[in-house]
Amino acid sequence: MKTLLLSTILFLSGFSAASTELNKEYTLWYNRPAYNRGGDFSKIVSRGYPYDEDWERWSLPIGNGAMGACIFGRTDIERIQLAEKTMGNKGAYGMGGFTNFAEIYLDIHHNYAQDYKRTLRLNDAISTVSYKYEGTEYSREYFASNPANVIAVKLKASQPGMISFTVRPVLPYLHAFNNEQTGRTGHVQAEKSLITLKGEIQYFHLPYEGQIKVINYGGTLSSVNKEDNNGIINVSKADSVILYITAATSYELKDSVFLLPNAIKFKGNAHPHNQVTERIRKAVEKGYEYLRSEHIADYQHFFNRVDLQLTEHTPSIPTDKLLNQYRNGKHNAYLEELFFQYGRYLLISSSRQGSLPANLQGAWNQYEFAPWSGGYWHNVNIQMNYWPAFNTNLAELFIPYMNYNETFRKAAVNKAVNYITQNNPEALNSIAEENGWTIGTGATAFGIEGPGGHSGPGTGGFTTKLFWDYYDFTRNKQLLKDHVYPALMGMAKFLSKTLKPQSDGTLLADPSFSPEQVHQQKYYRSKGCIFDQSMILETYHDLLNAAKILNDKDPFLKTVKEQMGKLDAIQIGESGQIKEFREEKQYGEIGQYQHRHISQLCAMYPGTIINTGTPEWLEAAKVTLKERGDKSTGWAMAHRLNLWARAKNGNRAYKLYQDILTYGTLENLWGSHPPFQIDANFGATAGIAEMLLQSHEGYIEPLPAIPDNWKKGSFNGLMARGNFEVSATWENSTIQSLQILSNKGELCRIKLREAATAQVIDERNKPVKLKFSGNDILEFKTRKGANYKIIF
Ligand code: FUC
């Protein structure tokens with residue numbers, strides 16, 4: 001009786017899917033400020049990219065979806081580097097790109113400090129700095145509030161009247177007004193307790209405005225406007241001080257952004273002045289403590305949904321030292337948990353409804369021209385950004401990308417028309433929309449391009465996989481009807497027109513490029529490369545599944561079914577490899593042997609065509625993975641990690657995770673291509689979830705790729721397709737407990753070694769009727785909102 005009662009309590013408590021607190025504190029912390037070695041705005045060029053090492057390796061990012069701030073934690077001159085995602089200039093390729101909004105310096109002049117510590121706490125998304133200076137204890141905290149759309153900073157001291165400093169914002173990269181290419185105007189003006197940063201980006205005639213409100217408790221404030229137009233505020237002898245910072249441009253996400261010429265994209269939009277003024281007014285009205293609680297609740301609503309425990313031990317050394325030890329082979333499971341949760345933290349901080357999706361640097365950039373424009377690169381990078389949204393229980397964070405994609409859709413129809421006119425004019429339909437829509441590699445907040453050059457039309461299918469997964473993980477039929485199906489339908493229409501019949505009866509994408517693969521110093525052009533063919537096949541599968549669910553009978557579906565049989569999408573070569581190109585015999589004969597892209601395996605992840613139900617293909621995929629090699633750039637290792645997880649090889653997947661932490665991670669735990677690119681963070685987080693739980697083969701598979709090193713552990717709240725929230729514990733690589741919350745009441749199918757002897761009980765401890773298929777899959781009906789426990 002007693003045992004039963006206890007297990008019931010455990011059972012019930014284990015079901016709090018969105019547990020209010022995580023089991024552990026996840027904090028990045030350091031016992032020194034970010035370095036100031038390069039000097040501010042340093043533009044040291046590394047491999048052709050600007051490189052501010054202080055910013056890139058050592059600053060700590062906070063963000064609210066729209067804005068990203070990097071905190072340096074200095075005691076002499078604090079540097080808060082502020083970015084706002086719509087703040088764009090010409091960009092590196094003339095398609096528009098992400099640029100630095102402002103540098104905000106706090107001249108504090110505590111030139112040495114004792115007992116220094118700075119942190120970034122992932123549990124509540126608050127960054128702190130604390131130290132002693134001349135007998136007084138000083139502390140600061142920083143957070144980026146999504147609901148209030150401000151960045152809040154609080155400065156405190158252990159004794160009254162000890163806070164004196166200057167708030168000194170600087171607008172970076174100001175160029176001559178008449179320089180249309182890079183021109184940025186602006187001035188900083190201080191009036192009473194408010195500093196306003198205002199100007200325009202010439203290239204787009206894009207006005208911007210930022211405001212900094214300074215509130216002192218005790219002491220005095222004085223504003224000074226220097227001749228060079230740099231307004232500052234001096235704070236003298238305050239007890240504590242609060243800063244509210246906000247920024248905006250007159251960017252609005254509308255069709256016109258992607259259709260109109262640069263100079264008139266934003267014409268007629270409201271100046272951001274009223275918006276930022278209102279944000280500051282409301283923040284002041286609500287007050288710091290209110291904003292802080294509101295921020296924590298808002299953030300934890302997402303963050304607390306998933307818990308992962310690989311160790312009980314929290315190390316007591318700073319994060320940079322921990323990483324360094326890891327790099328030197330002293331592996332640490334806490335860092336592995338931390339990096340997993342950091343990916344979730346970064347996505348919550350850079351992708352929120354109402355603002356643009358997370359870009360190549362998330363929401364953070366200090367450069368005039370962010371590497372690769374801080375764009376949305378569609379031949380792997382943007383897809384990777386959103387992989388963890390689905391399996392780590394953050395599906396709504398995909399909405400910004402969905403909105404962005406739907407907004408550029410009209411321009412994407414034009415791109416489809418151009419592409420077909422150029423490459424397959426016979427297939428062109430005179431009604432523009434009937435040609436569907438397309439997206440090539442390049443896209444930014446300001447423009448998109450069609451496929452070609454170095455990546456084939458498959459980039460579009462690679463993209464619509466995100467839409468399908470969004471539906472498959474949420475099983476929201478309205479969403480399927482309104483958003484996912486139209487995306488798939490338009491993409492399938494486009495893709496159907498990129499195919500040309502061959503003498504052997506196949507239909508091949510022509511021209512076709514396996515993303516960025518280079519042969520004899522040129523991007524290699526071919527017909528029907530595996531990437532293009534398989535991404536077309538994936539799209540067709542997803543479209544037909546969606547049509548079935550919606551009971552749609554669009555005549556185009558007939559074309560899809562006919563074409564599907566002629567794609568011959570996956571081919572095995574003489575080395576036993578999944579080929580990259582049809583004309584390839586031995587592995588690596590065409591293209592770079594260890595190219596970072598491994599696009600021929602996109603059909604294995606994020607696609608699903610290559611799976612355990614196609615054992616020859618799965619074996620061939622492993623050959624390709626082995627030949628391609630593990631060590632690569634950040635995101636490329638993250639893709640390999642996901643692929644090894646899909647190959648159900650936990651030890652190899654884990655090795656890739658170790659490689660990412662060892663070779664592809666900076667001291668602030670940002671992923672590095674190099675330079676800093678956030679995709680590796682997101683791809684790695686998705687990959688860890690993929691090692692713990694899979695659901696792409698028509699059933700839920702707990703612990704499909706668990707490495708020997710993770711002997712014991714637990715997870716809570718990871719998502720499986722069908723909108724199931726899954727929690728499990730394991731020991732000696734064997735599952736000990738498994739719980740499933742059915743959010744949609746779908747049929748639940750689980751693959752388990754112990755399927756034949758397992759029982760399932762519902763939350764009233766009543767056994768659930770089971771069906772078995774094969775030896776290892778058990779199946780049961782679920783009720784919406786009900787919890788189930790599997791008893792072994
Ligand atoms: C793709 C990759 C590059 C880089 C860029 C942003 O083109 O091939 O390596 O990640 O995106």
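UniProt positions are given here in the numbering used for this chain, with feature names shortened, and annotations may be inferred rather than shown by experiment.

**Setting up.** I am reading a predicted model, in which local features need pLDDT of at least 70, side-chain atom pairs count only at pLDDT 80 or more, and totals for chains, interfaces and linings use all residues. Residues are numbered from 1 along each chain as its sequence is written, and side-chain values use heavy atoms, leaving out hydrogens and water.

I looked up the UniProt record, an unreviewed entry, and it places "domain: Glycosyl hydrolase family 95 catalytic" at residues 288–692. I found that stretch to be 49% helix and 3% strand, with its end C-alpha atoms 40 Å apart. Helices (H or I, at least four residues) and strands (E, at least two) are DSSP runs, numbered from the N terminus.

**Helix 4.** Next I checked which residues of helix 4 are buried. They are Val 276, Arg 279, Ile 280 and Ala 283; buried means under 20% relative accessible area, exposed over 50%, and partly exposed in between (1.4 Å probe, protein chains only). They cover an arc of only 90 degrees around the axis, so they sit on the same side of helix 4. That arc is taken from the directions from the helix axis to the C-beta atoms. On the face turned away from the buried side I noted the exposed residues Asn 274 and Glu 285.

**Two loops.** I found Ile 264 in the loop between helix 3 (255–259) and helix 4 (273–286), partly exposed at a relative accessible area of 34%. Met 95, in the loop between strand 7 (88–89) and strand 8 (97–98), is buried at 15%. Met 95 and Phe 446 are 351 residues apart in sequence, yet 6.5 Å apart in space, C-alpha to C-alpha.
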